[in-house]
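Please look over the model below before reading on.

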Amino acid sequence: MDTARLSCFVSALWDAEIVPKLIDYIRIPNKSPMFDKDWVAHGYMEEAVTLMTDWAGSKLPSLPGATLEVVRLEGRTPLIYIDVPGQIDDTVVLYGHLDKQPEMTGWLEGLGPWLPVLKGEKLYGRGGADDGYALFGALTALLALREQGVAHARCVVMIEACEESGSYDLPFYVDHLAERIGHPSLVACLDSGCGNYDQLWLTTSLRGMMGGELGVEVLTEGVHSGDASGVVVDSFRILRQLLERLEDADTGQIKPRELYVDIPAERVEQARTLTHILGSEMHDKFPFIKGMKPLTEDLTELALNRTWRPQLAVTGIDGLPPLESAGNVLRPRTVAKLSLRLPPTLPGAPAGQFVKQLLERDPPYGARVYFKLEKDGSGWNAPPLSPWLREAVAKASVHYFGAPAAYMGEGGSIPFMGMLGEKFPKAQFLITGVLGPHSNAHGPNEFLHIPTGKKVTMVVAEVMAEHYQQSSGH
């Protein structure tokens, strides 16, 4: 394979077609179902599906025998399913998603979630990097191989529309399509992160996540705070008490040992190596206000906190009026949205039930306390890389990034990985992505670093070529 020719092909297609399509895609507010309960009526998800399938369909003539289908199970988000025949029957699955996180506040002037802005090598807007580019990158990698007549295995491209809600629809599709998918020997996921934009990064683990609404009710209606305070307990104080069951407010550590696992020695060593590569970029990449410091100056501890330890974030509050209309009223209720990241090897469902019982038992002062569990996904710990795959990614990183490949755990979650890991225990996994420093997925000013998108596409193409050589015995 001519790597220079492949680079030119991929880069040209990105510039001519993919970036313009991603600009159109960013304009679509196709929020994941958890954030848009009326997603069917709004039609934005369907608009995003049409945008992607129209482009993919235009490329099928260059992939002889390939088929494209939008699979629809009743009451569930759609799934784009593309089947590309190869020179051998062994199967590679390429995964991504097209649903998006909600708007979030704090976008810089001139930027916005549904406003695509191209600044130099960065395309700003919601969803371009997480994960709109995946379908385009996967098919472009195949087109680049076909352009040179390079053989590859059969490839199945799956793009779901529920990932940001916990992928609760995906198991039904995987079961529904099980015979058609077959038994992949390689899974490539393009929905992960990178420690920098200078080399290829492979994800070694993903945390699980459980989340939901913790509600506290003390009154049927608000009352004068001067009359009631000292008699009626403030619902916010009870909320604080409940959160203390889960998290130590002084240290940020999760208290119950049931939510921890033993961290594998290999992952601890990889965390140390990661800190040598990135140094203070481990925390410098975050937009701290002036004077704010990270949790600790120990970089290895930061890496392990982010990847192998449970951590809590309160991501929303209800029951609190805006400041301009906050009168002297003791409010009847406070509800908090909790997001608890779980260690990669901790089963999500039992952890969710444990937290629910922990928060709901023995309500202080007899208040009405409830925890509405919304998701409880397990994480994923990568199996050891086969020698051929380790060598393939090492070569590909040097070819296209000019630097060796690096490995790190990710603090985020991709529920699909844990599911596939269970269903296909013999498969190898290539988990990578474009979400590097300051790209800020889920937050304001999210961007796609276009050169990294191109290079990741090139790497996937080369790895698929190496996979064919390995699987066919050539």
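This is a predicted model: local features need pLDDT of at least 70, side-chain atom pairs count only at pLDDT 80 or more; totals for chains, interfaces and linings use all residues.

Residues are numbered from 1 along each chain as its sequence is written, and side-chain values use heavy atoms, with hydrogens and water left out.

**Cysteines.** The structure has zero disulfides, a disulfide being a pair of cysteine sulfur atoms within 2.5 Å.

Cys155 is buried, at a relative accessible area of 0%, and Cys194 is buried at 5%. Buried means under 20% relative accessible area, exposed over 50%, and partly exposed in between (1.4 Å probe, protein chains only).

**Helices.** Helices (H or I, at least four residues) and strands (E, at least two) are DSSP runs, numbered from the N terminus. Helix H1 (residues 3-26) bends by about 45 degrees at Trp14; the bend is the angle between axes fitted to the seven residues ending there and the seven starting there. Trp14 is itself among the buried residues of H1, which also include Leu13 and Ile18.

Helix H8 (residues 235-246) spans 17 Å from its first C-alpha to its last, close to the 16 Å expected at 1.5 Å a residue for its twelve residues. The expected span is 1.5 Å times one less than the number of residues. Its buried residues are Ser235, Ile238, Leu239, Leu242, Leu243 and Leu246. They lie on the same side of H8 because they cover an arc of only 140 degrees around the axis, taken from the directions from the helix axis to the C-beta atoms. These buried residues pack against strands S9 (208-217), S11, S13 (333-342) and S14 (368-377), and against helix H12 (348-360).

**Arg309.** Arg309 sits in the loop between helix H11 (299-308) and strand S11 (311-318). At 18% relative accessibility, Arg309 is buried. Beyond its neighbours within four places in sequence, Arg309 is in contact with Arg207, Ile263, Glu301, Leu304, Arg341 and Pro343, where contact means heavy atoms within 4.5 Å. Ser378 is 69 residues from Arg309 in sequence and 13 Å away in space, C-alpha to C-alpha.
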